[in-house]
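Please walk through this structure with the text below. Keep the sequence and the 3D view side by side.

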Amino acid sequence: MENLLGLLRIHVDKGVNLAIRDVVSSDPYVIIKMGKQKLKTRVVKKNINPEWNDDLTLTISDPHLPVHLFVYDKDKFSFDDKMGDAEFDIAPYIEAIKMHLEGLPNDTIITKLQPSRENCLAEESKIVWKDGKVVQHMVLRLRNVESGEVELQLHWIDIPGSRGL
């Protein structure tokens with residue numbers, strides 16, 4: 001862990017218009033993977049517009065690794081059904097943190113990222129200064145599924161004694 005840069009807290013806010021995988025609804029949860037790390041939100045029962053409001057924290061050593069997001073429908077008696085996936089790059093967010101900004105007015109926009117064929121953004125993603133921290137808001141359009149988006153925010157946590165940014 002000598003290359004540890006810090007922690008990335010991913011606030012998995014909610015899902016919007018997720019696919020139906022049970023008879024009339026789904027029991028969705030999210031898995032976040034980065035390298036060998038794998039984290040999971042709680043299951044929200046019978047809801048295609050779930051509000052998870054879960055914080056998942058990754059240790060960051062290589063900011064160039066993509067973060068993969070998978071949505072599944074929890075099933076009791078069979079394998080969980082896939083409900084789509086997405087990935088995102090944290091490099092622009094890390095670059096904004098490396099600017100070591102201080103004392104900006106709340107909600108100052110540092111960077112904007114546009115949706116493109118090379119990313120899973122459903123709409124413009126803003127990296128902003130909020131309450132003395134750099135925060136990125138994003139809405140990811142799920143791939144390999146008929147519909148669905150996941151909204152999340154990125155927050156950086158410095159670790160005393162780490163290499164840091």
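Buried means under 20% relative accessible area, exposed means over 50%, and partly exposed lies in between, with a 1.4 Å probe and protein chains only. This is a predicted model, in which local features need pLDDT of at least 70, side-chain atom pairs count only at pLDDT 80 or more, and totals for chains, interfaces and linings use all residues. Residues are numbered from 1 along each chain as its sequence is written, and side-chain values use heavy atoms, with hydrogens and water left out.

Start with His-11. Its relative accessibility is 15%, so His-11 counts as buried. His-11 is part of strand β1, residues 6–16. Strands here are DSSP runs (E, at least two residues), as helices are (H or I, at least four), and both are numbered from the N terminus. The side chains of His-11 and Asn-53 are joined by a polar contact of 3.3 Å. A polar contact is a pair of N or O atoms within 3.5 Å; within protein, one must be able to donate a hydrogen and the other to accept it, and residues adjacent in sequence count only if both atoms are side-chain atoms. Beyond residues up to four places away in sequence, His-11 touches Asn-53, Asp-54, Asp-55, Glu-151, Leu-152, Gln-153 and His-155. Contact means heavy atoms within 4.5 Å.

Arg-9 also has its place in strand β1. With 32% relative accessibility, Arg-9 counts as partly exposed. Its contacts, leaving aside neighbours within four places in sequence, include Asp-55, Thr-57, Gln-153 and His-155.

Two strands pair if DSSP finds at least two bridges between them. For β1 and β4, the antiparallel pairing runs over 8 bridges. Across this pairing, Lys-14 stands opposite Glu-51 in β4. His-11 stands opposite Asp-55 in β4.

What happens to side chains along a strand? In a regular strand they alternate between the two faces of the sheet. The covered face of β4 holds Trp-52, Asp-54, Leu-56, Leu-58 and Ile-60. Its uncovered face holds Glu-51, Asn-53, Asp-55, Thr-57 and Thr-59.

Move on to another sheet. Here 4 strands form an open sheet in the order β3-β2-β5-β6, and the pairing is antiparallel. At the edges stand β3 (37–40) and β6 (81–88), each with a single partner strand, so one side of each is left without a neighbour in the sheet. The twist from one strand to the next averages 20°. Strands β2 and β3 pair in the antiparallel sense over 4 bridges. The bridge partner of Ile-31 in β3 is Lys-40.

How many aromatic pairs does the structure hold? It holds 1. The rings of Tyr-29 and Tyr-72 have centres 5.8 Å apart and planes at 25°, so the pair is stacked. Tyr-29 lies in strand β2 (residues 28–34) and Tyr-72 in strand β5 (residues 67–73), so the pair ties together parts 43 residues apart in sequence. Rings of Phe, Tyr and Trp (its six-membered ring) pair if their centres lie within 6.5 Å; planes under 30 degrees apart count as stacked, over 60 as edge-to-face and the rest as tilted. Tyr-29 is buried at a relative accessible area of 6%. Tyr-72 is buried too, at 18% relative accessibility.

The charged end of Lys-40 sits over the ring of Tyr-29, 4.7 Å from its centre. The charged end of Lys-33 sits over the ring of Phe-70, 5.3 Å from its centre. This requires NZ of Lys or CZ of Arg within 6 Å of the ring centre and within 35 degrees of the ring normal.

End at Thr-41, which lies in the loop between β3 and β4. Thr-41 is buried, with a relative accessible area of 4%. Its side chain reaches the backbone nitrogen of Val-30 at 2.9 Å. Leaving aside neighbours within four places in sequence, Thr-41 is in contact with Val-12, Tyr-29, Val-30, Trp-52, Asp-54 and Leu-56.

Key: Axes fitted to C-alpha atoms, helices over the stretch in contact; angles between N-to-C directions.
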